[in-house]
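Biologist: Shall we go through this model together? Please keep the answers plain.

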Amino acid sequence: MGSGIAQVSAQAGWNVVLRDVTDEALARGRGGIEASYAKFVAKGKLTAEDAEAALARITTTTELDAAADADVVVEAVFEKLEVKQEIFRTLDGLVKDEAVLASNTSAIPITKIAAATRRPERVVGTHFFSPVPMMQLCELVRGLKTSDATLAAARDFAEGVGKTCIVVNRDVAGFVTTRLITALVVEAATLRESGVASAEDIDIACKLGFGHAMGPLATADLTGIDILLNAANNIYTESQDEKFAAPEQMRRMVDAGDLGRKSGEGYYRY
């Protein structure tokens, strides 16, 4: 996700510093960006000159203090509150006062992340969708203390990199989109686990009956079953709403390493 956000930002004219914890991770991220630009060039959606210029605007580092001069900082680490809070606590002591501190979380309340800083009014959710260069939506999430100015700056940034925004005005776990897809995936997984219908037929029902581009179980495989399980756990912990309680088989699949496309097997084999 981080490399995708870096890619669209650089393409939109921003100077980007991409930070990760290892040089190997940074090399993979930059390599993915280069490959994505090459595909856009091959399809005639981007000129070779523009791709080269965008790449030149991206630098990489393992040092978090490289964010000190940034106008917008977007965190895109895995969905664990304690990790996100530690990053924001550190950023709070590094970045300039007027910087926007944004989280790409898909499920964790922004207010909890912002509480690790002394400037919760400058913290906002910017939930991009994967793959970022292809997906048009960005979900903007207002924490309890997020200011109007911060929300406006986040919208300017997201729209400036080509996204259409929706605004989540109440900071519930899972926001709008993750609550919707998680409820659908949990119910689809429950139907499959209980033998009501196969994964294939459940997905066909959603595609042909509801006009979905992809069925919920294929979506789970694409996103990562572990990621959706983590989102379901986060939302259920916050809401205690049973519709977000993941079925046992989904949990066992994660235990077994059947995570979807990235592992070669999930609800389908790849």
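Biologist: Are Lys 84 and Glu 75 buried or exposed?

Modeller: Lys 84 is buried, and Glu 75 is buried too. Buried means under 20% relative accessible area, exposed over 50%, and partly exposed in between, with a 1.4 Å probe and protein chains only. Please note that this is a predicted model: local features need pLDDT of at least 70, side-chain atom pairs count only at pLDDT 80 or more, and totals for chains, interfaces and linings use all residues. Residues are numbered from 1 along each chain as its sequence is written, and side-chain values use heavy atoms, with hydrogens and water left out.

Biologist: What does Lys 84 form with Glu 75?

Modeller: The two form a salt bridge, with the closest N and O atoms 2.4 Å apart. The term stands for a side-chain nitrogen of Lys or Arg within 4 Å of a carboxyl oxygen of Asp or Glu.

Biologist: How many salt bridges does the structure hold?

Modeller: There are 15. One of them links Arg 252 and Glu 248, at 3.7 Å from N to O.

Biologist: Where do Arg 252 and Glu 248 lie?

Modeller: Both are in helix 11 (residues 248-256), four residues apart, which is about one turn of the helix. Glu 248 is exposed, because its relative accessible area is 53%, whereas Arg 252, at 43%, is partly exposed.

Biologist: Which residues do salt bridges with shared partners join into one network?

Modeller: Glu 75, Glu 79 and Lys 84 are joined in that way.

Biologist: And which residue pairs with Glu 86 in a salt bridge?

Modeller: Arg 89 does, with 2.9 Å between the closest N and O atoms. Glu 86 and Arg 89 are three residues apart in helix 4 (residues 81-92), so about one helical turn separates them. Glu 86 has 42% relative accessibility and therefore counts as partly exposed; Arg 89, at 42%, also counts as partly exposed.

Biologist: Changing topic, what does the secondary structure of the chain come to?

Modeller: The protein chain has eleven helices and seven strands. Helices (H or I, at least four residues) and strands (E, at least two) are DSSP runs, numbered from the N terminus. The radius of gyration is 19 Å, close to the 18 Å that the globule rule gives for 270 residues, so the chain is as compact as a globular protein of that length. That radius is taken over C-alpha atoms, and the rule is 2.2 Å times the number of residues to the power 0.38.

Biologist: What share of the 270 residues is buried?

Modeller: Buried residues account for 43% of them.
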